[in-house]
Amino acid sequence: MSPIVNPAVNPEATTFNLERGLAAFRAEIDGPVAAFFSSCVHCGICAQSCPFYLETGDPKYTPILKLEPLRLVWESEFTLWGKIKGALGLQRKVTDAMLAEWEELIYDSCSMCGRCSMVCPVGNDIQAMVRKSREGMVAAGHAPEGLAGAAVRAVKTGSPMGLQWKTLQVQIEHVQTSSGLTVPVDQPGVDYLVMLSSMEVINFPEYLEAITKIFDHAGVTWTLSTQCFEATNAGIQIGNKDIAALLVERVVDAAVKLGVKNVISPECGHAYTAIRWEGPNLIGRRYPFRVFHIIEVLDQLRAQGRITTEGKELDRLSLHDPCNLARKSGVIQQQRNLMDLVADQFVELPEHGRFQWCCGAGGGVSSNERAEPLKLAAFKRKKAQIEAVEPERMVTMCATCRTQLEEGLEHFNMDIPVVGLTELIADHLVDKEEPA
Amino acid sequence: MTAKKHSVGEHLRDQGVSRRAFLKFCTASASLMALPPGLIPAMAAALEQARRPSVIWLSFQECTGCTESLTRSHAPTVEDLILEMISLDYHHTLQAAAGEAAEAAREQAMKDNFGNYLLIVDGSLPGPDANPGYSTIAGVSNYAMLMEAVEGAAAVIAVGTCAAFGGLPEAAPNPTGAVAVMDLIKDKPLVNVSGCPPVPMVISGVLAHYLAFGRLPELDEYHRPLAFFGQSIHDRCYRRPFYDKGLFAETFDDEGARAGWCLYRLGCKGPSTYNACATMRWNAGTSWPIEAGHPCLGCSEPRFWDAGSFYAPLSVPTDLSSTQVLTAGAAGALVGGTVATLARRTVETAAASRQPVTADELEQTL
């Protein structure tokens, strides 16, 4: 939905405050929200699905409680009982102090991993309501500083980490030198527009080299865009549809300008759900192209016989499914098909696929420095899973998950390196036969 | 009474009943009560040896329908056999004696078999607080006669819905203050064989069980033998497939009625009625009410006479017309629609007055 600008609003008065926040909460209440709150049976199963509650044991981290501000707005303004209670002065009101208290619950202790939505016996989509609640929090001025900073940088510089094209340009040159291949830039009419995440550009430059090699191997036409290379969406993380829509528009503009058929979201979880699922709703129109996660594209190429590999990794490997990819988007089998290509000893974590456990860093938690202790606490769930199968290395396909796994494993002195699945595939490509 | 000196087996042979007919009866009775086949020889042996028990049958506020039912035997003279196997010492409809001689026979039997006789009751009776004059026999109130007879009884069998649950005499406004037998007797083993009237084989089956095993069969919460009252009419009804498909007769004369569809909408109480009609049927297995095209009245259930119209479907309110229901529904939809519209307007207003967030604004907060 495109943002509705009310001309009556005084531009001078554009400060965040409680009234503005309540209006944003109110605007988020729809049929599903009313149905969800009406159906909650207070069973508490959502608590048992939440790594933040389970690893801290603090009941305030029960997922449904995180929605209390949204629930109070719904109850007091949309239900008869709430109105009667309000008239009698018995209805609890959402105050600025309450929202300040809830900031930790809605941001720091929720990675929007969606496990609570999955297990809720009455089907309440709790993580979607956390996303909605964040709209109200931003408008009320209760968004964490780390996320606000990322959103500002994303809008103003094109990258949540303040990264610029010139940095990427240096990367591209490195890749070209080391691989002897050309990284196509601003090529119109190709099959794929490749998006990246700043995290990859800075921390995992091997990703760009890997896709360059794989696409050359498979004969795929692709390009980067100087107009927009950033796939991540800080607007989704902080929970504001105006900024989220603006960032999605940039990707759409770049893709339309180059006339590509497909857009590839990188090894990142939320970037994929943002552009694949939320995007068209945010901008209010259909895309003239299709969107895939890199893992989906690689599996398609594998199925078409366009990827030929040789040799296998001989150590014991296990796989971490990113929540956004597996639970929220159903991309589960693809990464396993690819693992089978290159892994000799692949062992599943005890709970994987749709029911995997979050690494603890998603949903903006990793951009929110204040949430560091909670992020590490939630990681203990993943750690226990990894300990149960004792892999020699972990494989994943999301830069945020990968960073969290690396940092968490290091914190607990576990010597288990983490690799990206795309690089693993690139390492095993059969060399192209040189034309005679 | 020489018969009392004989075992059942001896007595049957005296009466010219063949061994074959006797075993057939045992097999039929055992299968009726869902007993395992291995128990048939045991039952036959037990019945052979059983001393014919004295039975005293008291009829109170009743219509004799239950006795009529019992005498409508099917299967080779099963009920005749039962009558041979017991010593029916008092039954004022069936006995030849009358007047003082009849009462004397009862008193003699009670005295001779004190503690051992079976007491069968059909019909309800005016309770202890009611006017005893509504029903008397030989000048004795039903209540006094029952209390006197029950004292030496080994067990009590209440035959028919009137005896079991009060039945028609107890129906509103219950002018005679009628009560069921189980309302008065708490300290003796008691079986209710309900039905208006009960299926004849059920009466004989309970007696056979008592004779063969010396105890009463397993009972449900209304003291009815589970073997016969364990399943609902609905669950065993041959028209059930039509119910499952949603095919219902709407009147007694429509296409559905002729095609033999489910009678639920014509008021059939099959789903809430527990009895053996659907499996054992009536008149020597000829037919039964639902097969004859009439919904089940639920006659084996407590208060069946007062449970609303026989022709009102079970789950439809009996006191609201369809117009009233539709009006209430329309009013509810109108109120719900209005509330939903108002709520949507609130959301739309909020969305319209929502100020878009800009990066500049966010930057000011840093």
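What share of the contacts in chain A with a separation of 6 or more is accounted for by residues 24 or more positions apart? In this predicted model, the share is 83%. Chain A is built from 22 helices and eight strands. Of its 436 residues, 50% are buried.

Chain A also meets chain B. The contact involves 29 residues of chain A and 17 residues of chain B. On the chain A side, the elements that contribute two or more residues are α1 (18-27), α5 (68-78), α9 (126-139), α10 (145-157) and α15 (241-258). The largest share comes from α10(A), with seven residues. Sorted by class, the side of chain A that touches chain B comprises 17 nonpolar, five polar and seven charged residues.

Within chain B, one helix pair can be followed in detail. Two packed helices are described by the angle between their axes and the distance between the axes. Helix α3 of chain B, residues 39-49, packs against helix α11 of chain B, residues 200-213, at an angle of about 80 degrees, and the axes are 8 Å apart. Because angles of 65 to 115 degrees count as roughly perpendicular, α3(B) is roughly perpendicular to α11(B). On the α3(B) side, the contact is made by Met43(B), Ala46(B) and Leu47(B). Their counterparts on α11(B) are Leu211(B), Ala212(B) and Phe213(B). By class, the residues of this contact of α3(B) with α11(B) are six nonpolar, with no polar and no charged residues.

Key. Residues numbered from 1 in each chain as written. Chains lettered and ligands numbered in written order. Predicted model: local features only at pLDDT ≥ 70, side-chain atom pairs only at ≥ 80, totals over all residues. Contact = placed C-beta atoms within 7 Å. Helix = DSSP H or I, 4+ residues; strand = E, 2+ residues; numbered from the N terminus. Nonpolar A, V, L, I, M, F, W, Y, C, P; charged D, E, K, R; others polar. Axes fitted to C-alpha atoms, helices over the stretch in contact; angles between N-to-C directions. Parallel < 35°, antiparallel > 145°, perpendicular 65-115°, else oblique. Buried ≥ 20, exposed ≤ 12 C-beta atoms within 10 Å, placed from the backbone.
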